[in-house]
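Subject: Structure for your review

Dear colleague,

Please find below the structure that I am handing over to you. My notes on what was found in it follow directly after.

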Amino acid sequence: MTDENEGRGRGVRGVRGAESQGEDAGQGQGQGEGAGAGGGDRGAGVAAGGAGVAAAWDELVATARRTVTDGLVVGTSGNVSVRVGDVILVTPTGVPYDRLTPSDAVGVGLDGRQVLGSLRPTSELPMHLALHRETDARAVVHTHAAHATAVSALVAELPLIHYMAGALGGPVRVAPYATYGTPELAANVLRALDGRTACLLQNHGTLAHGASLDQTYDRTAQLEWMCRVWLLSSSVPGLPPHLLSPAQLREAGDRLAGYGQRGDGPRGQGAAGDGLLG
Ligand SMILES: [Zn+2]
């Protein structure tokens with residue numbers, strides 16, 4: 001299953017295969033709600049968007065590929081966005097990340113109208129737009145990471161198994177289930193993210209946001225790791241795991257917030273996540 005992209009032949013655009021799982025498998029028409037319907041000349045990929053857009057698109061594609069190579073995403077079942085000024089660059093629906101080129105760049109405005117590219121944006125566009133509109137997010141990463149998705153089906157909040165929840169703003173909530181790609185799911189996610197930089201989506205996956213793609217990727221990976229740890233520690237018969245108290249988590253969160261080299265550009269913005277190393 002992890003090799004599903006390799007069997008489809010190379011260089012074929014729009015292999016929106018039925019074998020690809022998840023909402024971005026590109027089932028038929030009508031996806032990318034609010035994305036504006038085709039037509040019009042939106043320029044050829046990032047060339048129309050300038051150097052900043054080109055660099056951001058490269059970073060977005062690299063991040064999307066990393067979610068696959070690190071096992072957080074199977075096929076095209078996740079999606080990534082990054083904001084450059086008033087343009088939200090997003091992964092297109094149904095195109096394997098290893099085939100994305102600079103000319104495939106997809107950009108939308110905060111109102112969801114497509115301003116760059118001709119491929120359809122991710123079907124989770126409403127969720128990404130909600131985050132970019134309602135929070136200070138510069139980047140958003142959504143995955144169906146296995147352990148996180150498993151936990152999302154078990155609890156309403158990730159038990160306090162590790163202090164790194166403090167780096168995500170506190171106990172990680174699970175957003176109630178709603179159909180993928182809907183405004184209802186976007187609203188549920190926004191509520192679950194109140195005061196947090198990551199949450200789980202019930203029976204679905206993860207959502208994290210941050211000041212950069214690197215930071216947001218790191219938060220996603222930390223969340224998946226914590227879910228894995230909780231599943232491991234809670235799977236020993238007769239030995240329920242010790243959990244941290246809310247006060248212990250707050251104390252760790254305060255230390256993490258003050259850790260590292262803050263206010264020093266993108267590297268400094270990732271400092272909270274680096275607290276794990278210290
Ligand atoms: Zn999804």
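I begin with Leu89, which touches Val53, Ala56, Trp57, Leu60, Ser81, Val82, Val84, Ala105, Val106 and Gly107, leaving aside residues up to four places away in sequence. Two residues are in contact if their C-beta atoms, placed from the backbone, lie within 7 Å.

Please note that this is a predicted model, in which local features need pLDDT of at least 70 and side-chain atom pairs count only at pLDDT 80 or more, while totals for chains, interfaces and linings use all residues. Residues are numbered from 1 along each chain as its sequence is written.

Leu89 also belongs to the residues with the most contacts inside the largest nonpolar core, together with Leu60, Val189, Cys199 and Leu200. That core has 64 residues; a nonpolar core is a set of buried Ala, Val, Leu, Ile, Met, Phe, Trp, Tyr and Cys residues joined through C-beta atoms within 7 Å. A residue is buried if 20 or more other C-beta atoms lie within 10 Å of its own, exposed if 12 or fewer, and partly exposed in between, with C-beta atoms placed from the backbone. Of the 278 residues in the chain, 46% are buried.

The chain contains 8 helices and 8 strands. These are DSSP runs, numbered from the N terminus: helices are H or I of at least four residues, and strands are E of at least two.

The sheet

The 8 strands form an open sheet in the order β4-β3-β2-β1-β5-β8-β7-β6, with mixed pairing. β4 (114-116) and β6 (174-175) stand at the edges with a single partner strand each, so one side of each has no neighbour in the sheet. Two strands are said to pair if DSSP finds at least two bridges between them.

β2 and β3 are antiparallel and share 2 bridges; Ile88 lies opposite Val108 in β3. β5 and β8 are likewise antiparallel, over 5 bridges, and Val141 has Ala208 in β8 as its bridge partner. Strand β7 (residues 198-201) runs antiparallel to β8 and is joined to it by 4 bridges, with Leu200 opposite Thr206. β7 and β8 form a hairpin with 3 residues between them, and Asn203 in the turn has a positive phi of about 50 degrees. As for burial in β8, 6 of its 6 residues are buried.

The helices

Helix α1 (residues 50-69) has 20 residues and reaches 29 Å from its first C-alpha to its last. This is close to the 28 Å expected, the expected span being 1.5 Å times one less than the number of residues. In α1, the buried residues include Val53, Ala56, Trp57 and Leu60. Among the elements covering the buried residues are β1 (79-84), β2 (87-90) and α5 (213-233). Just after α1, Gly71 takes a positive phi of about 85 degrees.

Helix α2 (residues 125-134) lies across β1, β2, β3, β5 and β8 (205-210), at about 140 degrees to β2. Such angles run from 0 to 180 degrees between N-to-C directions, with axes as lines fitted to C-alpha atoms, for helices over the stretch in contact.

Finally, Arg250 is in helix α6 (residues 246-257) and is partly exposed, with 14 other C-beta atoms within 10 Å.

With kind regards
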